[in-house]
Amino acid sequence: MLGHAARRFRNRASVWLASLRGTLAVVLLTLKLAEGHWLFVVSYILLAIINAATESFSIMLIVPLLQSFSSDSIFAGVPVLDSVGQLLMPFPPEVRLRWVACILLGIILIKSAVQYFTEVMIYLLPLRLERDLRMRAFAAIMESNLTFAESISTGDIGNYTASFPARAGLALRFLIQGTAAVITIAIMLGLFIAITPSALMGLAGFVIIGSVLFKSLTGPLANRLDREMTDSQREFTQAYFEAVNNKRTIRIFNATDTFLTRINKLLERLRGVQTQTIAVQNATYPFFATLSGVLVCGLVLMASFASPDEAQALLGVLLLFLVASARMLGPFSVAHIARMHFSIHADPVRQMDFFLREAARNKDVDGETELQRAAQEITFRDVSFAYPGSQSGVKDLDFTVRPGEFLAIVGPSGSGKSTIFHLLSRLRRPDQGEITISGHPLNELQIRSWWNQLCIVSQDVPIFNATVRENIHFGKIGEPDDARIWDALENAVAADFVRRMPDGLDSSLGEFGSNLSGGERQRLALARAFYHRTPVILLDEVTSQLDAETEHRIAESISRLHSEKHTIIAIAHRPKTIRGADRVLVLRDGRVVASGDHDTLLTENGFYREMAGPSEKAVNG
Ligand SMILES: Nc1ncnc2c1ncn2[C@@H]1O[C@H](COP(=O)(O)OP(=O)(O)OP(=O)(O)O)[C@@H](O)[C@H]1O
């Protein structure tokens, strides 16, 4: 029986110790995340100590003052209060009152100022940390390698850049608010130790019993709510962004109601968790107020059964307890609320720290060699790459692009064409083999010096929520050159529709270029390449959404770039769109299966002829 009880106690103690270790770990993580804000944190705690000290000082002054007007002091012989009382006694009552009034006024002024600053600081601090973490998360996503960046779901991006920083900010707020409350309690307890140990015992018992009771009643629920809050937040953000990003498709497929219902359900779930969390969090004050009320009633009841002398002593303790609990109930409930809030935000703190560490581990490592002259030869030597967790990618690529060459890469969908661009721009790195630029391994280059020489027009045509001018000048340092912008727009057959826009180059293009048609977006993206005129230009299906006439005019502009010695690498499904190319690589299942000029391939390669379609066969056949 006894052994069983001892085992249970040991188990409970080890669970409690593990939870304490967990809490301590989160405290350290929170402080680590708040590294740049320590001065702010320390200042807050110092101000909180001053606040508590002024509080204690006023108790030490007021209680003996009141007692000094009574002939029958119940604090006679009580260490601190008695000495203060002795100090006051020699002065006539009116002088005593004046002095105390002046000192109290000073204390009140100091306390008000301190309280104002701590109130402001406690709201500012989480905001500062939130801003800092949001920026760090954003930078971490932008600077990590693509494999890592793409492994983060939209829901998690929402969590790491919005929800978790806000919650980590709150965790810090409750950590320091709780610490300050504990320091306040410690200072007051110190005062009461000096006054009477029996009151201290009463208070200590009150705190311990109350805390254990409260924790066992609310602890498991608070932990469950913590997990549910993170999950429901993630699900909501993910579903929300999915819906907003696909709004057109959702409408056309008549799925608006389905999505509204889904979002509504997720919001309901979130609200449910928030409601329960608020209900639990706000139970602290009433719980301790009720407990201390019950204790006071108990003491009064005890006094009713005692002799008059004992009753007076008991009422003395009661008076102290009332003063102490009235003064300490505030810090107690703050400490409890802070502890609970802190544990509610513990999971985001852990996840935020884990994410930042993982992002740092997956940071794209840059090389040291600076590409100073315009890029010369681009070589792929036995390059193979497979996407993480998949067999797809490219295999054994072995080819060289000469400076000023126009190379076309043709192949069916999924054959690996865009992957070559990812590798060439070092968004992905080969698993085997090597890519070199002007003889330098691409991995050893300072990537910016290579990107400065590179312009890519990709299939997904990124247009930013900015003006036409800003979109064309995008990424360039210095002032935009309007004459060159118009020239680039002419080459991309985009000048006419920009002229028709209400504000010309100053027209705003809307989010994701939503004010434009697909073909217009494509032409603007091309204009960007014509404007940048980098030594190497990568074109990925740039005319897929254009009519034959526009496609023909753009092909002429690309030929002009080619004649000006720009190196051009263009991807196409259909061979006819890259007629001006010097050489064509034919890709199938990630491998180069043929290479040569268009006409030779058309006569000699059946697969290429197949892709070219009947019209090409008629012309050349
Ligand atoms: N992020 C990714 N993760 C896993 N597999 C991928 C990823 N991106 C592409 N793939 C796969 O790699 C292969 C090559 O893709 P890639 O985009 O290079 O083909 P593509 O020739 O450009 O196709 P398309 O002409 O349709 O754009 C495909 O089988 C594709 O499914």
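Okay, housekeeping before we start. Residues are numbered from 1 along each chain as its sequence is written. Since this is a predicted model, local features need pLDDT of at least 70 and side-chain atom pairs count only at pLDDT 80 or more, while totals for chains, interfaces and linings use all residues.

Let's begin with the annotation. An unreviewed UniProt entry puts "transmembrane region" at residues 41-66, 97-125, 170-193, 199-217, 285-305 and 311-330. Those positions are in the numbering used here, feature names are shortened, and annotations may be inferred rather than shown by experiment. I looked at two of them. Residues 97-125 are 100% helix and 0% strand, with the end C-alpha atoms 41 Å apart. Residues 285-305 also come out as 100% helix and 0% strand, and there the end C-alpha atoms are 31 Å apart. By the way, helices (H or I, at least four residues) and strands (E, at least two) are DSSP runs, numbered from the N terminus.

Now the strands. Two strands pair if DSSP finds at least two bridges between them. There's an open sheet of four strands in the order S2-S1-S4-S5, with antiparallel pairing. Its edge strands are S2 (393-401) and S5 (440-441), each pairing on one side only. S1 (residues 378-386) runs antiparallel to S2, and six bridges join them. In that pair, Val383 sits opposite Leu397 of S2.

Next, the parallel pairings. S6 and S7 run parallel and are joined by four bridges, with Cys455 partnered by Ile537 in S7. S7 also pairs with S8, in the parallel sense over five bridges, and here Asp540 has Ile571 of S8 as its bridge partner. Getting from S7 to S8, the chain goes through H19, and this β-α-β crossover is right-handed. Right-handed means that, with the strands pointing away from the viewer, the path from the first strand over the helix to the second runs clockwise. S8 pairs with S3 (residues 406-410) too, in the parallel sense over five bridges, and Ala570 is the partner of Ala408.

One residue I want to pick out is Leu546, in the loop between S7 (536-540) and H19 (548-563). Leaving aside neighbours within four places in sequence, Leu546 is in contact (C-beta atoms, placed from the backbone, within 7 Å) with Gly519, Gln522, Glu551 and Ile554. Leu546 and Glu520 are 26 residues apart in sequence but 8.6 Å apart in space, C-alpha to C-alpha.

Last, the ligand. Its shell divides into one nonpolar, eleven polar and one charged residue. H13 (residues 417-424) gives the largest share, three residues.

Methods:
Two residues are in contact if their C-beta atoms, placed from the backbone, lie within 7 Å. Ala, Val, Leu, Ile, Met, Phe, Trp, Tyr, Cys and Pro count as nonpolar, Asp, Glu, Lys and Arg as charged, and the others, Gly among them, as polar.
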